[in-house]
Amino acid sequence: MTGVPASATGGTGRPAPGGKLGAAAVNQASLWNIANILTMMRLVLVPCFVVLLLQDGGHDPAWRAWAWAAFAVAMITDIFDGHLARAYNLVTDFGKIADPIADKAIMAAGLICLSLLGDLPWWVTVVILARELGITLMRFWVIRHGVIPASRGGKMKTLAQGTAVGMYVLALTGPLATLRFWVMAVAVVLTVVTGLDYVRQAIVLRRRGLAAERAAKAGGASLPGPTAGSAR
């Protein structure tokens, strides 16, 4: 099966004159797959998470527990939507754009709200968000030369950030409150280290890309042109 409806092929298995319209409809329908639905759910959870976290001045343990549940669901769907998209060939342009936006939106919302409530120093929020924004811009800077793949360190950074923010969302006291400080410290270190590594990769990738472009131009310039006798 090709997945193209009979109405788009005229029932003959070959594209009908309106086949382009039918193909467009199929492509549009493909947006509604489980991976994209999970991504959209994560986007919807962002304002819900903020409202729950800031209820009653932001210091009510019960509301913060609900906020943590929303944050945890968002983090879990982040794991599954990308895996499902790759495993079942559900990758779409919408998913490529919306997935990283959803990831950064929920993390940024948690960090900013925690800093507004005085639970997390602003410098931590600024360092993490500046790194995320900087790396995103850097990916666009070198995208014509290649793609910087997600590294194992980057995945560890994401896990550490999610765990740390989740622990700060909960109204923890005693040893757990001390533990969350150290988890956040690890997250900040990984954020800075992996950010510097991405910068190094971007510079190397851009240099190689520019060198390849110069070599291609030089090779094209050195090719002999047509002789006068061969012109027609």
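Mentor: Let's start with a term: a residue is buried under 20% relative accessible area, exposed over 50% and partly exposed in between, using a 1.4 Å probe and protein chains only. By that rule, 34% of the 232 residues of the protein count as buried. This is a predicted model, where local features need pLDDT of at least 70 and side-chain atom pairs count only at pLDDT 80 or more, while totals for chains, interfaces and linings use all residues. Residues are numbered from 1 along each chain as its sequence is written, and side-chain values use heavy atoms, with hydrogens and water left out.

Trainee: How many helices and strands does the protein have?
Mentor: There are 8 helices and 0 strands. Helices are DSSP runs of H or I with at least four residues, strands are runs of E with at least two, and numbering goes from the N terminus.

Trainee: Why is Leu 114 called buried?
Mentor: Its relative accessible area is 0%, so Leu 114 is buried, the cut-off being under 20%. Leu 114 sits in helix α5.

Trainee: What does Leu 114 touch, not counting residues up to four places away in sequence?
Mentor: Contact means heavy atoms within 4.5 Å. On that basis Leu 114 touches Arg 64, Asp 119, Leu 120, Val 165, Tyr 168 and Val 169. Leu 114 and Val 169 are 55 residues apart along the chain, yet 7.3 Å separates their C-alpha atoms.

Trainee: Why are α4 and α7 called roughly antiparallel?
Mentor: Axes are lines fitted to C-alpha atoms, for helices over the stretch in contact, with angles from 0 to 180 degrees between N-to-C directions. Under 35 degrees is roughly parallel, over 145 roughly antiparallel, 65 to 115 roughly perpendicular, and the rest oblique. The axes of α4 (residues 61–87) and α7 (residues 152–169) cross at roughly 165° and come within 9 Å. Therefore the two helices are roughly antiparallel to each other.

Trainee: Which residues of α4 and α7 meet?
Mentor: Among them are Trp 68 and Phe 71 in α4, and Val 165 and Tyr 168 in α7.

Trainee: What makes a set of residues a nonpolar core?
Mentor: A nonpolar core is a set of buried Ala, Val, Leu, Ile, Met, Phe, Trp, Tyr and Cys residues joined through side-chain atoms within 4.5 Å. The largest one here has 31 residues, with Phe 49, Val 165 and Met 184 touching the most other members. Apart from it lies another core, of 6 residues, including Met 138 and Tyr 198.
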